[in-house]
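Please open the model in your viewer and keep the sequence panel beside it. The tour moves from one selection to the next and says what is to be found at each stop.

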Amino acid sequence: MVTIDEQAVAIQQLNSDWYHQKVSALDILRLDLIHPVISGNKWYKLKHNLMHAIHEGYKSILTFGGAHSNHLIATAAAAKQYGIAAKGIVRGEYHKENYSATLAACEDEGMELIFINKEEYSHKHEPTWLQKLEAQFDDTFIIPEGGANEWGREGAEEIAAFIPPAYTHVCVSVGTGTTFKGLRNGLADEQQLLGFVPMKQGVYLKEEIEGHIHPAKNKNWQLFDKWHFGGFGKWNDELLAFMNDCYNTNNLPLDIVYTSKMMYGVHEMITENYFPVSARILCIHTGGLQGNASVQERLSY
Ligand SMILES: *Cc1c(COP(=O)(O)O)cnc(C)c1O
């Protein structure tokens with residue numbers, strides 16, 4: 001049985017041939033090494049939610065996600081490992097014949113999938129809708145989509161403990177922003193935190209993010225949404241070529257939805273001299289490699 005292993009987290013130095021005259025260090029924090037599917041940031045966002053549900057004696061946990069959601073499969077696998085039942089509310093109506101690889105994997109992990117249409121799904125943050133949902137199930141603990149609650153942010157804050165103070169800039173990809181918020185709260189004030197949003201016009205997250213950062217920590221952070229490659233889940237040949245190149249030169253596997261777009265952006269910013277030469281950059285590998293199933297035959301790893 002594969003178990004979650006936080007000791008497996010490591011900092012990897014990237015091949016410096018191309019950047020050594022531009023910045024002083026470019027390394028990556030390999031959170032993806034924790035577990036093949038309970039990977040990266042997902043474990044940190046889940047752990048306190050899961051412990052709370054178990055400690056309080058809930059019969060199951062319930063959460064939300066799309067058909068390719070890294071959060072959904074991470075929740076399914078983590079729940080199985082800790083022996084609590086899991087339910088997943090899926091955005092969109094699917095049947096076994098058209099399950100994504102992620103949905104099939106969720107069921108394999110024992111998660112009960114419940115499909116609702118996109119309109120219905122859009123209510124997922126509304127308290128009255130959530131109360132009705134909760135009432136349908138016996139003693140279930142609801143975790144918001146992406147683990148986006150206080151426990152999720154607290155867990156994400158723990159990631160900062162892996163980051164030595166010598167790094168001047170920390171780069172991370174952003175979905176709900178939960179990981180970003182936790183990191184900003186956990187990093188040293190003077191460390192710059194750069195968030196890369198893989199969806200169009202993603203900087204709309206700025207206000208929402210600001211609301212969850214401790215006032216004293218509300219500085220030295222920025223979001224970039226230039227490298228969305230057409231929008232969330234979209235990609236092109238150039239991104240695939242970049243991923244293969246990154247693997248071939250650094251032995252570094254990236255995922256197609258989040259980390260590849262972040263690394264592409266960091267690469268471009270370094271090339272265009274965005275950073276001072278003294279910059280010591282640490283990128284965070286937030287995992288998500290299970291999401292590469294749909295492009296597997298085009299990847300060299
Ligand atoms: C979910 C996910 C993110 C986004 O995390 P948030 O906390 O929702 O911002 C980033 N990278 C990967 C690989 C993910 O799976």
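Helices (H or I, at least four residues) and strands (E, at least two) are here DSSP runs, numbered from the N terminus. The model is a predicted one, in which local features need pLDDT of at least 70 and side-chain atom pairs count only at pLDDT 80 or more, while totals for chains, interfaces and linings use all residues. Residues are numbered from 1 along each chain as its sequence is written, and side-chain values use heavy atoms, with hydrogens and water left out.

**Helix H9 and its ends**

Select residues 237–250, which form helix H9. The expected span of a helix is 1.5 Å times one less than its number of residues, and because H9 has 14 residues it should span 20 Å, which agrees with the 20 Å between its end C-alpha atoms. At the start of H9, look for a side-chain oxygen of Asn236 that comes within 3.1 Å of the backbone nitrogen of Glu238; a polar contact is a pair of N or O atoms within 3.5 Å, where within protein one must be able to donate a hydrogen and the other to accept it, and residues adjacent in sequence count only if both atoms are side-chain atoms. After H9 comes Asn251, with a positive phi near 55°, and this residue, which is not a glycine, sits in the loop between H9 and H10.

Now colour the buried residues of H9, which are Leu239, Leu240, Phe242, Met243, Asn244, Cys246 and Asn250; buried means under 20% relative accessible area, exposed over 50%, and partly exposed in between (1.4 Å probe, protein chains only). An α-helix has 3.6 residues a turn, so residues three or four places apart point the same way. Among the elements that cover the buried residues of H9 are strand S1 (11–13) and helix H10 (259–271).

**Across to helix H10**

Leaving aside its neighbours within four places in sequence, Ser260 is in contact (heavy atoms within 4.5 Å) with Leu239, Phe242, Met243, Leu254 and Asp255. Further along, in the loop between H10 and S10, is Asn273, a residue other than glycine whose phi is positive, near 60°.

**The ligand site**

Select the ligand and show the 15 residues that surround it, of which the closest are Lys42, Gly175, Thr176, Thr179 and Thr286; a residue is near a molecule if one of its heavy atoms lies within 4 Å of it. Helix H1 (41–55) and helix H7 (178–186) each supply at least two residues of this shell, and the largest share, three residues, comes from H1.

A polar side-chain atom of Ser173 lies 3.4 Å from a nitrogen atom of the ligand. The protein covers 97% of the 380 Å² of accessible area that the ligand has on its own, with areas from the Shrake-Rupley method and a 1.4 Å probe, and only the protein chains shown counting as cover for residues.

Stay with Thr179, which lies in helix H7 and counts as buried because its relative accessibility is 5%. Its side chain is joined to that of Asn41 by a polar contact of 3.0 Å, and, neighbours within four places in sequence aside, Thr179 is in contact with Asn41, Lys45, Ala156, Ile159 and Val172.

**A pair of cysteines**

The structure holds zero disulfides.

**Two last selections**

Asp108 lies in helix H3 (residues 101–108) and is exposed, with a relative accessible area of 64%; its C-alpha atom is separated by 27 Å from that of Asn149, 41 residues apart along the chain. Finally, select Gln296 in the segment after strand S10 (280–285), where it counts as partly exposed at 35% relative accessibility. Gln296 and Val266 are 30 residues apart in sequence and 24 Å apart in space, C-alpha to C-alpha.

Key: Disulfide = S-S within 2.5 Å.
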